[in-house]
Amino acid sequence: MQISVAVGEVRGLATWEEISAQARAAADAGFMTAWTSQALGWDALTTLAAVGGALDIAVGTAVVPTPQRHPMTLAAQALTVQAAVAGRLTLGVGAGIGAMVTGMLGLPADRRVARMREYLTVLGPLLRGESVDHHGETLTAVGAVQIPGGVPAPPVLVAAMGPQMVRLAGELAEGTATWMTGPRVLDAHIVPAITAAAAGAGRPAPRIVAGLPVCHTDAEDDVRTRIAERFALATQVPEYRATLDREGATGPGDIAIVGTAARIRRALTRLGDAGVTEFMAVPFGTSTEQDRTVELLAELAGGIR
């Protein structure tokens, strides 16, 4: 199991200089990939184009919500970033949090799996430079994205927690990127289902990128309390609440990876045993706590099976 690191807002509000420094620290520490998430501030893909091109590190979105981005628009964005980072982009997409999609954007959030199926059906050919002529139930797309220079299509991951979305990710994408999903759910539900779906579709074994907050600390109880407060929204969102319930967790503080070096190593080993192919670490806490966590993760990166 590889270990990678998230940069940007998911670690807390950050200036451009701080995000750039996080990405450079990840590259200098030898991590394979720097991930960023689309939240309410910095644009994820623009960020990766700006910071990734100058660094020797792969980059990825985990994830970019699709409802507010037509696939032709997203394909153009993604291929632009892919060119800027010399083919080192992984494009993670997701259906978005339903309450935000409707409440903030006024867009429909029903039929999430059907909408994502149509979206991926169109996005894949566009990323490969092919023309589409799609007139579906939820989406119309006609034309092609013309990027010269033979820019390769980035691999696509789909944020998936529910059974139908997990199967869809295995069928039409290169894998999944999860967030706030613990080892029990990954082991019993997500990994077997997406692996079976990929095999049934004749696709290679899927990538399974699992993201969780992590903090190397001796003050475990205090940090877990702060994580519960920082990510409290997850307990109120049905999509995450269902996954937390399956895990037997009351909230993010229960499934975050927090504690001593030995405790963090055990938790990462458990994720690897569950079938996770890449752990996306989200360093949590003060700048000192985050720096200490990144240093430990860099040490552990070569020793987790």
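The numbered points below concern a predicted model.

1. The pair α1 and α2. Two packed helices are described by the angle between their axes and the distance between the axes. Helix α1 covers residues 16-28 and helix α2 covers residues 44-52; they pack at an angle of about 60 degrees, and their axes are 10 Å apart. That angle makes α1 oblique to α2. The crossing of the two helices, α1 and α2, is right-handed.

2. The contact of α1 with α2. On the side of α1 the contact is made by W16, I19, S20 and A23, and on the side of α2 by T47, A50 and V51. By class, these residues divide into five nonpolar and two polar, with no charged residue among them.

3. The cavity. Rolling a probe the size of a water molecule over the atoms shows where empty space is left. How many cavities of 30 Å³ or more does the structure hold? There is one cavity of 30 Å³ or more, and the volume of the largest cavity is about 40 Å³. Its lining consists of G8, E9, I19, T36, S37, W42, D43, A44 and T47. Of these lining residues, three are nonpolar, four are polar and two are charged. I19 and T47 deserve attention here: both line the largest cavity, and both take part in the contact of α1 with α2.

4. The largest pocket. A volume of about 1400 Å³ is found for the largest pocket. Its lining is made up of 43 residues, and those that lie nearest the centre are Q38, I97, M100, W179 and Y240. The elements that give two or more residues to this lining are β3 (58-65), α4 (98-103), α5, β8 (175-179) and α9 (238-247). Which element provides the largest share of the lining? That element is α9, with five residues. By class, the lining of the largest pocket divides into 29 nonpolar, nine polar and five charged residues.

5. The pair α5 and α6. Helix α5 (residues 112-127), which contributes to the pocket lining, also packs with helix α6 (residues 163-172); their axes come within 10 Å and cross at roughly 10 degrees. The two helices, α5 and α6, are therefore roughly parallel to each other. From α5 the contact takes R112, V113, M116, R117, L120 and T121, and from α6 it takes Q164, M165, L168, E171 and L172. Sorted by class, the contact has six nonpolar, two polar and three charged residues.

6. The pair α7 and α9. The axes of helix α7 (residues 183-200) and α9 come within 8 Å and cross at roughly 95 degrees. That makes α7 roughly perpendicular to α9. P183, R184, V185 and H189 of α7 meet T243, R246 and E247 of α9 in this contact. The class division is two nonpolar, two polar and three charged residues.

7. Backbone geometry. The peptide bond from A62 to V63 is cis, with omega near 5 degrees. V63 lies in strand β3, one of the elements that give two or more residues to the lining of the largest pocket. The other site is A86, which is not a glycine but has a positive phi of about 60 degrees. Where is A86 found? A86 is found in the loop between α3 (71-84) and β4 (89-94).

Technical notes
Residues numbered from 1 in each chain as written. Predicted model: local features only at pLDDT ≥ 70, side-chain atom pairs only at ≥ 80, totals over all residues. Heavy atoms only, no water. Axes fitted to C-alpha atoms, helices over the stretch in contact; angles between N-to-C directions. Helix = DSSP H or I, 4+ residues; strand = E, 2+ residues; numbered from the N terminus. Parallel < 35°, antiparallel > 145°, perpendicular 65-115°, else oblique. Left-handed = near helix turned anticlockwise from the far one by under 90°. Contact = heavy atoms within 4.5 Å. Nonpolar A, V, L, I, M, F, W, Y, C, P; charged D, E, K, R; others polar. 1 Å grid on protein atoms, 1.4 Å probe; cavity = no way out; pocket = protein on both sides within 12 Å on 5 of 7 lines; lining within 4 Å. Points joined across faces, edges and corners; volume = space filled by probe spheres on them.
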